[in-house]
Amino acid sequence: MKKPSPNTPCPCGSGNKYKKCCQPYHRGARPADALLLMKSRYSAYALGQSRYIIATTHPDNPDYTEDTATWIAGIEAFSEQTEFRRLEILEFADGDEEAFVTFRATFGDGSMVERSRFVREEGRWFYYSGEFPKSQ
């Protein structure tokens, strides 16, 4: 799997070094808001951090499964086969218990736009669901 140097630029596009940006979240720190969670999840996909993706996905998410071995393999295969080029935040609607982040992820062969829903439970943010806006 892709092991970044802590001094490389963070995949989320912040311009900061990985060690000062998303790495602390991947090691267990809790993002303060849904936007930070979204960016750290993008970085986790780019770096094949499958356990972080699973840990930050709400159990009510349609893709959530108890079969973690298969889920990990799927995330890692996607991460290895995808060239993550750029993350653009298009909109962030913050809330106390629910938030939405609309973003564009650019890959080696195209891009996608998603409006992600996040929920906070017991002070911790989780990715709940996503939809693909038709107008984007």
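Q: How many of the 14 residues of α2 are buried?
A: Helices (H or I, at least four residues) and strands (E, at least two) are DSSP runs numbered from the N terminus, and a residue is called buried under 20% relative accessible area, exposed over 50% and partly exposed in between, with a 1.4 Å probe and protein chains only. Among the residues of α2 that are buried are A34, L35, M38, R41 and A44. The helix is largely enclosed by the rest of the structure, because the number of its 14 residues that are buried is 11.

Q: What pLDDT do local features need in this model?
A: Residues are numbered from 1 along each chain as its sequence is written, and side-chain values use heavy atoms, with hydrogens and water left out. This is a predicted model in which totals for chains, interfaces and linings use all residues, while side-chain atom pairs count only at pLDDT 80 or more and local features need a pLDDT of at least 70.

Q: How far apart are the end C-alpha atoms of α4?
A: The expected span of a helix is 1.5 Å times one less than its number of residues. For the 14 residues of α4 this should give 20 Å, which agrees with the separation of its end C-alpha atoms, 20 Å.

Q: Within what arc do the buried residues of α4 fall?
A: The buried residues of α4 are W71, I72, I75 and S79. Seen down the helix axis, they line one face of α4, an arc being that of the directions from the axis to the C-beta atoms. An α-helix has 3.6 residues a turn, so residues three or four places apart point the same way. The buried residues of α4 line one face because they fall within an arc of 100°.

Q: Which exposed residues lie on the face of α4 turned away from its buried side?
A: The cover over the buried residues of α4 includes α2, α3 (50-55) and β1 (84-93). The face turned away from that buried side carries the exposed residues A69, T70 and Q81.

Q: Which residues does W71 contact, leaving aside its neighbours within four places in sequence?
A: W71 is placed in helix α4, and it counts as buried because its relative accessibility is 12%. Its C-alpha atom is separated by 23 Å from that of E121, 50 residues away along the chain. With contact meaning heavy atoms within 4.5 Å, the partners of W71 outside its sequence neighbours are I54, T57, D63, Y64 and T65.

Q: How far apart in space are V101 and I89, C-alpha to C-alpha?
A: V101 has its place in strand β2, where it counts as buried because its relative accessibility is 0%. Beyond its neighbours within four places in sequence, V101 is in contact with residues including A34, L35, M38, I89 and F118. V101 and I89 are 12 residues apart in sequence, and their distance in space is 7.3 Å.

Q: What is the phi of E122, which is not a glycine?
A: E122 is found in the loop between β3 and β4, and it counts as exposed because its relative accessibility is 81%. Most residues other than glycine have a negative phi. E122, although not a glycine, has a positive phi of about 50°.

Q: Which residues are the closest to the centre of the largest pocket?
A: On a 1 Å grid over the protein atoms alone, where a 1.4 Å probe fits but cannot get out the set of points is a cavity, while a pocket is an open set with protein on both sides within 12 Å along at least five of seven lines, and lining residues have an atom within 4 Å of a point. Grid points are joined across faces, edges and corners, and a volume is the space filled by probe spheres set on the points. The largest pocket has a volume of about 620 Å³. Of the 25 residues that line the largest pocket, the closest to its centre are R41, Y45, F78, E114 and Y127.
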